[in-house]
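Trainee: Could you walk me through reading a model like this one?
Mentor: Gladly; let's take a look together.

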Amino acid sequence: MPPGGGVGITSINRETDLNEIIAEVRRRKLAGMPQLGKSSMVEPHLQKSRDASIRKAYPHLFFDSQKHIDKIREFKTTNPNYNPRMKPSTSCPNISTIAGSCCGTSTYIDLLKKQWGMV
């Protein structure tokens, strides 16, 4: 028989007594569920309202999956000429860097022109 008497726990020491484990399990079962000092264990709606207030106070710390979609919808309403093939990302220019470099432009020259006020 494996260590622990085949009870299915893999991290039991070989020196552990099965009767001692059974007595400890019975004692903990009679004691009931563990009572943690967390509001989420008592009333889940309190924890949810606390989470919502923290999310509202510190929005930059949380990921919002709808933020990008809302940004694109707003962009589409304000710019009627929006074409997702020309501008696949909201943070890039209309033509990609690769397409621009194939046409002979340089991002370095574009940067210099912006610094000199030519663009």
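Predicted model: local features only at pLDDT ≥ 70, side-chain atom pairs only at ≥ 80, totals over all residues.

Mentor: Residues are numbered from 1 along each chain as its sequence is written, and side-chain values use heavy atoms, with hydrogens and water left out.

Trainee: Where is confidence lowest and where is it highest in the chain?
Mentor: pLDDT is the predictor's confidence in each residue, from 0 to 100. The chain's average is 76, and 68% of the residues score at least 70. Helix 2 (residues 39-42) has the lowest mean, 60, while helix 1 has the highest, 88.

Trainee: What does the secondary structure of the chain come to?
Mentor: Helices (H or I, at least four residues) and strands (E, at least two) are DSSP runs, numbered from the N terminus. Here there are six helices and zero strands. Helix 1 covers residues 18-31 and spans 20 Å from its first C-alpha to its last, close to the 20 Å expected at 1.5 Å a residue; that expectation is 1.5 Å times one less than the number of residues. Just after helix 1, Gly-32 has a positive phi of about 95°.

Trainee: Why does helix 6 lie largely in the open?
Mentor: Buried means under 20% relative accessible area, exposed over 50%, and partly exposed in between (1.4 Å probe, protein chains only). Of the ten residues of helix 6 (residues 107-116), one is buried, so the helix lies largely in the open. Helix 1 is hardly covered either, with one buried residue among its 14. Across the chain, 7% of the 119 residues are buried.

Trainee: Which residues line the second largest pocket?
Mentor: On a 1 Å grid over the protein atoms alone, a pocket is an open set of points where a 1.4 Å probe fits, with protein on both sides within 12 Å along at least five of seven lines; lining residues have an atom within 4 Å of a point. Here the lining is Arg-55, Pro-59, His-60, Phe-62, Phe-63, Asp-64 and Lys-67.
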